[in-house]
Structures are given as C-alpha cells and as structure tokens.
Amino acid sequence: MLSIKDLRAKVGEKEILKGLSLDVKPGEVHAIMGPNGSGKSTLGHVLAGREGYEVSSGSVDFHGKNLLDMECEERAREGLFLAFQYPVEIPGVSNMEFLKTSVDAVREHRGLEAIDSVQFMKLAREKCKAVNLDAQFLKRGVNEGFSGGEKKRNELMQMMLLEPSLCVMDETDSGLDIDALQVVADGVNAMRSPERSFILVTHYQRLLTYIQPDYVHVLSGGRIIKSGDRSLALELEEKGYGWITQEVA
Amino acid sequence: MTAFSQHAAALQPETRLTWLDALNQRGREHWKVTPFPTRKTENWKYTSLQSLENGEYLRWPQPTQLAEVTQPEIIPGLDACTLVFINGVYSEELSSEQWPEGLSCVRFSEANADQQQAILAKLGTIAETESHLFAALNDAWLREGVFVHVAANAVLKQPVYIHHISTAQAQSFSVNQRLLIHVETSAEATVVEHYSSSADVQNSFANALTEVQLDANARLTHYQLHLEEEHALHIGGVHVNLDRDATFNSFMMSLGSILQRSDVVVNHRGEGAHCGIQGIYLPHNKHLVDFHTSIEHRVPNCTTHEVFRGIIGDSGKAVFNGRIHIHPDAQKTVADLSNKNLLTSHDAEIDTKPELEIYADDVKCSHGATIAQLDEKALYYLQSRGVDRQRAEIMLSFGFINELLEQIPHTAVRDYLTPRVSALFVKKFDRQREGRAA
C-alpha cells in the first residue's frame with residue numbers, strides 16, 4: 001500500500017529526513033517512535049504534502065501511484081489521512097460545513113454523489129457519539145475553543161467520516177487523559193480492517209497497550225535505525241533511546 | 001473646480017417645503033464655503049471623488065413606475081414596519097401603513113405643523129455640517145425624509161425597515177435620502193436601513209444622512225446595509241447623540257461599489273452610554289469602500305466597542321479610519337477598536353488608520369489594525385482533508401466574515417445576509433475556476 005524508499009526531505013534549509021525507508025502493507029499497524037527532533041512529525045507532513053516540506057530525493061509509492069506528484073488535497077482523496085498533532089482552529093467555519101465539504105470532496109473523487117444534508121447530519125451525529133463528543137460541537141467553529149482532548153477526538157471523527165485507507169496519526173495520544181485515550185484507541189481499533197493501515201507516531205509506549213501494533217520502528221536522525229515487534233516498544237520504555245543510538249553508532 | 005462642486009448647491013429641491021427653507025439655505029452656504037475634497041484633504045486622502053465628478057449627476061430622477069422594480073429584494077421574515085422608497089420617492093404599494101403603539105413614522109412631505117416642530121427641533125442638530133460637506137449638501141437638497149419617533153417607555157418588537165431602492169434611468173441623477181430617529185427615554189427600537197438597486201448598471205448618486213437621538217436609557221439596534229449594484233455611488237453619514245445610559249448598537253455592511261463612503265459619528269453626551277459598532281466591507285473588482293468613524297467620549301463612564309472587518313479582492317480598495325476621542329472629562333471610559341483586513345489579491349489595497357486620542361488619565365482603551373493574507377496553516381488543514389486550495393480559500397474568507405455575521409441579533413437579517421456574502425465568495429471561486437480552465 002505504502003512504500004517509502006530512501007526519502008530525504010528538508011524544511012527550509014534544514015534536512016530532516018535523511019534516507020528513510022518504510023513499507024506498510026494493507027491491514028498493518030506500524031508504530032514510529034523516537035526522540036524529540038528525530039523527524040517523526042516531518043514524516044507525517046511530508047506524506048500529507050504540506051507546503052514548505054521539500055523532498056530532495058527518494059520515492060513514495062501509494063497504492064501504486066507516485067504520492068509525491070500529488071497535491072495535498074489529492075493525497076487525501078486517494079485515501080491518506082493525517083491526524084494532526086496540533087489541529088488548527090478555524091473560527092467562523094462550522095465544523096459541520098467543514099466535515100461535509102471534506103466528505104463531499106472525497107466522495108466526488110471516488111465517483112460518488114454529494115451526500116444529502118439530512119443524511120449527513122445523521123451520520124455526523126452518530127460519529128460524534130462514537131468519539132464521545134457532544135453534537136453541539138458540529139455547530140461550533142472548527143476546533144474553536146476545543147480542549148486538547150476534544151480536538152483529538154474531532155480528528156478521529158474526521159477519520160471515521162473520510163474512511164481513509166492509510167491513517168497517519170501524529171502524536172494523537174499527547175495531551176490526552178486515560179479516558180480520552182481509551183476513546184481514541186477504541187475508535188482506531190474499530191476502524192482496523194484488512195484493507196486499512198495505520199502509522200502511529202508516538203513518544204510513549206502507553207498508546208501501544210491500547211492499540212497493538214504489528215511493527216515498531218525507531219526513528220532517529222531522520223532515518224529508521226531499528227525495527228521490531230511490540231516488544232521493542234516495551235524495551236524502549238524501559239531503557240530509553242540511548243542504547244539504540246549507541247548500538248547503531 | 002469641477003462641475004459637481006460648483007453647481008451641486010445650486011440644484012434646488014424639486015418642490016420646496018417652506019418650513020425647511022432655513023435648513024436648505026444653511027446647507028447651501030456650508031457647501032459653498034467648504035473646499036471640495038481633494039487628495040490633500042486629510043479626511044479624503046485615500047478616497048477620490050473622481051467618479052462623482054465624471055458623471056453628470058446634477059439632475060433629479062424621472063418618476064419611476066413600480067413595474068420597473070422587478071421583484072424588490074426585501075428581507076424575508078423580518079416582520080417589520082416597512083417604508084420603501086424608489087429613487088427617493090415613497091412607494092405606497094410597497095410600504096406598510098400600520099404602526100404599533102409608541103411608534104410614528106412621518107415623511108417630511110406629509111408632516112403636520114406639530115410634527116414639523118418636532119422634526120425641526122432635532123433635524124440638522126446632530127450632524128455637524130461645517131465639518132461634513134455631504135451632510136451640508138443633504139441639508140441643501142432636503143425636501144423629503146423620514147422621521148422615526150419612539151415614545152418614552154415604548155418597547156417595539158417590530159423593527160422599522162427603511163428600504164431605498166435605486167433603478168437605472170436614461171440619464172444619471174442624484175437622490176437625497178434623510179432619516180431622523182428619535183428614541184425617547186427608556187424606549188427600545190430596531191431600525192434597518194437597507195440600500196439596494198435593480199440589477200441594471202446603475203447611474204445614480206445617493207447622498208444619505210441619518211441622524212439619531214437617543215434619550216436617557218433608550219436603546220436602538222441599527223442596521224445599515226449597502227447592498228447596491230456595483231456601479232452605484234453612495235456617500236452617507238450616520239450621526240448619533242447618546243444621552244445618559246443610552247445604548248446604540250449598529251451593524252454596517254458594504255458589499256462594495258464604485259464609490260461607497262460612510263462617515264459615522266457617535267457623541268457620548270450622558271454618562272453610562274454604550275456604543276457598539278460592527279462593520280463589514282467586501283470591495284472587489286474596482287470598488288472603493290471607505291468607512292470613517294469617529295467616537296467622541298465627552299463625559300465619564302461610557303463604553304465603546306467597535307469591530308470592523310474587511311476582505312479586499314481583485315483591484316478593490318478599502319479605507320478605514322477609526323477614531324476614538326476621549327475628552328478630558330471622560331474618565332473611566334472603556335473603549336476598544338479593532339480592524340482586521342484580509343487582502344486576497346496583489347492589487348488589493350487597504351488604508352487603515354485606527355486613532356486613539358486620549359486626554360483623560362483614568363481610562364481603559366485599546367485599538368489595533370491588522371492586514372493579513374489567509375492563514376497558511378488553516379489552508380493546509382483544509383487541503384489535508386481533501387478540500388481543494390481555492391475552495392479552502394473561499395471557506396476561510398467566508399469564515400473570517402461569518403464570525404461577525406454570527407453575532408447579528410436579528411435572525412431574519414442574519415439569514416438574509418449570510419448566503420449573500422457566501423455567494424460573493426463562491427462567485428469569485430467560479431471566476432477563478434473558469435480562469436483556470438480557459
């Protein structure tokens with residue numbers, strides 16, 4: 001589904017990703033861990049196609065297409081979803097309007113008709129309930145005045161509505177209390193399917209006890225320096241990142 | 001000297017009302033002695049009157065048949081006491097004649113002797129015609145207007161809706177519009193001023209003046225909506241006197257036209273008065289919208305809350321000059337002024353100047369102006385959800401304005417304006433899309 005080969009990318013003059021390779025097959029859950037400044041968030045934005053994140057070499061193949069050739073919005077329509085670490089507040093644009101515009105854009109791309117407003121309202125309310133957000137949030141400005149946890153649950157709701165094939169979740173667990181973490185984890189687990197893959201970017205092992213990954217990778221200095229299964233996350237929790245960076249060096 | 005400045009005062013009202021003679025005369029005199037604004041006139045520095053000088057507006061309109069006004073655009077669901085004027089002439093067919101208790105709406109041309117007295121007691125006393133040239137011209141040209149009077153303690157549920165429609169005629173012309181509002185002690189009212197036009201290319205110049213007197217503890221919710229077709233020329237003023245504990249809340253909007261200038265002056269004359277003004281301007285194409293506001297805090301313990309937002313697109317231009325003047329006696333004033341602008345094209349222009357002049361030492365005041373482009377982070381966020389760039393730009397632009405629309409207290413007005421603003425952005429989106437396809 002996703003194949004990243006020797007990816008190098010810079011933000012401004014600074015090279016952040018320095019030859020990153022990663023293969024994700026349908027249905028797999030990959031966790032990417034690593035110290036601060038290792039390039040975790042950059043990877044998410046490069047995949048999503050953020051302006052100013054410049055790829056200097058390497059390739060990214062997504063469902064057999066060259067992801068790097070696509071505009072940001074095309075990538076979303078092709079089934080890539082980035083859950084933001086810091087979701088953006090947009091006052092004046094209602095969450096409902098935002099969600100519908102977004103869902104319609106993706107549907108149009110898939111050759112489907114725009115969804116009927118009444119039907120969509122019903123669907124959005126259902127998803128609100130699933131992520132434990134009051135339906136009042138649909139009327140408010142996008143993320144406007146939402147708490148950290150509410151923003152993350154709003155991200156999850158968007159993910160549920162857009163039904164992407166690849167979900168990249170950038171530190172979705174940061175700033176969440178245990179209850180909210182459980183809600184997010186339940187939501188993700190409910191979305192797991194043989195066709196849908198996840199990349200979970202996280203600092204902490206904690207999330208991975210709720211969402212069990214198939215693979216754990218350590219990102220450091222812009223490259224994946226070690227990969228393993230779940231036990232690697234537990235080892236990292238215990239020993240920190242120091243030993244790996246030394247081992248690799 | 002141009003034809004307009006030279007001869008405007010000589011254009012007499014079509015039919016005189018003798019009881020307005022003195023006012024007509026005073027207006028002509030003030031017009032004649034006041035230099036016509038040029039680029040060197042501070043208050044007109046960024047606004048050229050060239051389009052006014054270029055057209056031949058020194059003529060009154062021909063009588064208009066109602067049939068020419070196809071489907072007058074009214075605000076549905078407003079449930080108001082309605083007065084409609086077409087090219088300055090009252091339309092009985094489109095207006096309502098029933099007023100609730102406590103309200104009277106009198107046209108100057110119909111005023112009886114008592115009403116004339118009541119009108120003359122206030123008319124021309126609120127706007128300073130020495131410093132507002134076009135207010136002087138309004139006096140000079142005055143023969144028709146509306147006097148809205150709300151009796152003490154009356155709380156009006158129904159808004160008063162004054163709708164000016166302009167149509168295109170074979171020859172260009174001028175229209176003089178005048179409104180006097182007097183809300184007596186502890187009374188409450190809403191007045192909606194709506195300026196619209198038929199869809200044809202307009203060739204008229206409207207000179208409008210509104211004077212408002214709020215007595216002690218009176219409350220007025222006021223709207224001034226400039227939704228004319230883009231070739232309309234409009235110069236206008238709103239001048240307000242606030243007595244003790246009076247509250248004036250106004251919402252002003254201009255969609256933009258060739259020349260659109262509004263002078264807003266609010267005088268805090270009694271302690272405890274409050275003034276809230278929210279404004280939106282959306283010039284595009286080659287429009288020019290100019291808001292000059294001036295809030296005079298003359299006495300202690302008054303408050304002002306003023307917010308203007310604008311989006312300027314294409315080769316449009318906006319001018320915003322917001323002045324708050326705290327006189328030496330006006331201790332404990334709380335005043336804030338904010339002006340935010342979005343420029344959506346390289347050729348768009350905004351000249352903004354928030355001015356705070358403070359001569360009292362115990363006050364709380366703030367002011368600020370920003371000029372920005374759309375937030376890249378928010379655009380990225382929308383795009384990352386599959387929304388294309390241009391659509392995202394439209395959504396953000398609309399959101400920026402919608403923040404103020406959401407605060408409009410009357411649902412009918414809000415529901416009327418929101419799709420119009422939205423359509424304006426969508427139209428732009430379609431133009432860009434066509435441009436891309438071509």
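Strand 1 (residues 2–11) and strand 2 (residues 14–24) of chain A pair in the antiparallel sense, with eight bridges between them. This, like everything below, is read from a predicted model. One of the pairings joins Ser3(A) to Asp23(A), its bridge partner in strand 2 of chain A. The hairpin formed by strand 1 and strand 2 of chain A has two residues between the strands, and there Gly12(A) takes a positive phi near 65°.

How do helix 5 and helix 6 of chain A cross? The axes of helix 5 (residues 148–162) and helix 6 (residues 178–191) of chain A come within 10 Å, and the crossing angle is roughly 10°. Angles under 35 degrees count as roughly parallel, so helix 5 of chain A is roughly parallel to helix 6 of chain A. On the helix 5 side, the residues that meet helix 6 of chain A are Gly149(A), Lys152(A), Arg153(A), Leu156(A) and Met160(A). Their counterparts in helix 6 of chain A are Ala180(A), Val183(A), Val184(A), Gly187(A) and Met191(A).

Chain A also meets chain B: 19 residues of chain A are in contact with 19 residues of chain B. The elements giving two or more residues to the chain A side are helix 2 (72–77), strand 7 (90–94) and helix 3 (95–109) of chain A.

Here is the make-up of both contacts by residue class.

| Contact | Nonpolar | Polar | Charged |
|---|---|---|---|
| Helix 5 with helix 6 of chain A | six residues | two residues | two residues |

Conventions: Residues numbered from 1 in each chain as written. Chains lettered and ligands numbered in written order. Predicted model: local features only at pLDDT ≥ 70, side-chain atom pairs only at ≥ 80, totals over all residues. Axes fitted to C-alpha atoms, helices over the stretch in contact; angles between N-to-C directions. Helix = DSSP H or I, 4+ residues; strand = E, 2+ residues; numbered from the N terminus. Parallel < 35°, antiparallel > 145°, perpendicular 65-115°, else oblique. Contact = placed C-beta atoms within 7 Å. Nonpolar A, V, L, I, M, F, W, Y, C, P; charged D, E, K, R; others polar. Pairing = 2+ DSSP bridges.
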